[in-house]
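Here is a short briefing for a first look at this structure. Keep the view open as you read.

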Number of protein chains: 2
Amino acid sequence: MNRNTRPDVVTKAIEVLDELGLPDLTMRRLGAELGVRPSALYHHFPSKQALLAAVADELLDRAPWPAVGDWTTRTAATCHVLRDTLLAYRDGAELVATVHSFGLGARRPYELLVSTLAEGGVGPLAPTAARTLLHFVYGHAVDEQTHLQAAAAGAIGDDPLETGPRASEDFGVGLGIVIAGIQVMHAAQPAR
Amino acid sequence: MNRNTRPDVVTKAIEVLDELGLPDLTMRRLGAELGVRPSALYHHFPSKQALLAAVADELLDRAPWPAVGDWTTRTAATCHVLRDTLLAYRDGAELVATVHSFGLGARRPYELLVSTLAEGGVGPLAPTAARTLLHFVYGHAVDEQTHLQAAAAGAIGDDPLETGPRASEDFGVGLGIVIAGIQVMHAAQPAR
DNA sequence: ACCTGAACACCGTTCAAGT
DNA sequence: ACCTGAACACCGTTCAAGT
């Protein structure tokens, strides 16, 4: 009898995602959780993909994005915050990576990185550099979350390189590789 | 009346993938294409995921992997061959990236890169460097293929940064960033 | 070894109609 | 504005039984 609003649906979707995981976040399950038929959700969103995009954007809006520092430390901080955000929700990495690659949402990290790099003087390399950083962060987070859940399910003995504190170190090393590469290619660029 | 063998199934699956795309590569469709009930496929593979892993491995086995050159040019060549292979089949990038991240197959590029980097003297950084390269190549190829198909469907006007020769340049620049970063971080490593 | 037949337990989406 | 009821056109997987 209490009718649902669009933000209600997104909030409940995040709960279902975190408790059941992305494969169980179905229109039918989400409808049931809201006390409503699946078809009612199509009053709020034109498709499931649009719903997932709204969920991804909401997760990213909750993140404590950094605002200060020179471009290298701010870029690194942004990537660490992004990773932490993706890992903070069950299947968060896969969800956000999918939404981003379909071009339906999750644009915030890209825009933050491009403007950080542009303000840092990286210039015309900024969009390519930002995408390279995002490919690394999403890929690493998806791998880590997949192996984390495999280990939690007991299917595989903890691979220490993919789980726990070793994964954080590994993320930092990989991120260092990409940022160092941006610095080098930027310096090798003809001046403007 | 002619019964199917395991390689038959993989070969037909690649045909269906390339003609219909990954969403239409269903057990039911593939069975129909082989003149067989969907349940018959479970005699050859324990699950759809196992089938997809075999398909990904077959695609990767067909690639002309490079075998010579110093580690930087050989690494670059391996990444270019991988990208070309992924883009040579409809939805090839998404298929191989998914299989790889689930840990069920598609291990060949990782092994090639690790041994190339190790022989190049990159030492303990090799596994992390290889994964960073793969995150970039898979992420870039998935993006490119997604936008290519969106452009082909006419939904979006060709984004020149994501399509055509500009995409190749962009891939090369991003790859240059990662390889340069590996060189820097390797040089910054304490000697062993 | 390879396949059939039939079932189980689900999906996303549409659409006329209700309040 | 938000939802119901009912349908459409599908999924992956299991399992006893057939050849």
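**Briefing**

A:Glu15 and A:Lys12 sit three residues apart in helix H1 (residues 6-20) of chain A, which means about one helical turn separates them. The two form a salt bridge, with 3.8 Å between the closest N and O atoms. The model is predicted.

- Side chains of opposite charge can pair when their charged atoms come close.
- A:Glu15 is partly exposed, at a relative accessible area of 37%.
- A:Lys12 is also partly exposed, at 23%.
- A:Arg29 and A:Glu33 form another salt bridge, 3.1 Å from N to O.
- These residues lie four apart in helix H2 (residues 27-33) of chain A, so about one helical turn separates A:Arg29 from A:Glu33.
- A:Arg29 is partly exposed, with 37% relative accessibility.
- A:Glu33 is partly exposed too, with a relative accessible area of 35%.

**A salt bridge between chains**

- The side chains of A:Asp170 and B:Arg131 form a salt bridge, at 3.1 Å from N to O.
- This pair crosses between chains: A:Asp170 belongs to helix H8 (residues 165-187) of chain A, and B:Arg131 to helix H7 (residues 126-152) of chain B.
- A:Asp170 counts as buried because its relative accessibility is 6%, under the 20% cut-off.
- B:Arg131 is buried as well, at 9%.
- A:Arg83, A:Asp84 and A:Glu144 are joined into one network by salt bridges that share partners.
- Over all chains, the structure holds 16 salt bridges.

**DNA strand D**

- DNA strand D is surrounded by 17 residues, and the closest include A:Asn4, A:Arg37 and B:Tyr42.
- By class, the surface near DNA strand D has eight polar, five charged and four nonpolar residues.
- A side-chain N or O atom of A:Ser39 is 2.8 Å from a base oxygen of DNA strand D.
- A:His43 places a polar side-chain atom 3.4 Å from a phosphate oxygen of DNA strand D.
- B:Met27 uses a polar backbone atom, 3.1 Å from a phosphate oxygen of DNA strand D.

**Chain A overall**

- Chain A has eight helices and zero strands.
- Its C-alpha trace spans about 65 × 45 × 25 Å along the principal axes.
- Of the 192 residues in chain A, 47% are buried.
- Among contacts in chain A with a separation of 6 or more, 66% join residues 24 or more positions apart.
- Chain A exposes about 9,200 Å², and carbon and sulfur atoms supply 54% of that area.

Note on methods: Residues numbered from 1 in each chain as written. Chains lettered and ligands numbered in written order. Predicted model: local features only at pLDDT ≥ 70, side-chain atom pairs only at ≥ 80, totals over all residues. Heavy atoms only, no water. Near = heavy atom within 4 Å. Polar contact = N/O pair within 3.5 Å; in protein donor to acceptor, adjacent residues only side chain to side chain. Nonpolar A, V, L, I, M, F, W, Y, C, P; charged D, E, K, R; others polar. Helix = DSSP H or I, 4+ residues; strand = E, 2+ residues; numbered from the N terminus. Buried < 20%, exposed > 50% of the residue type's maximum accessible area, 1.4 Å probe, protein only. Contact = heavy atoms within 4.5 Å. Areas by Shrake-Rupley, 256 points an atom, 1.4 Å probe, with all protein chains shown as cover. Salt bridge = Lys/Arg side-chain N within 4 Å of Asp/Glu carboxyl O.
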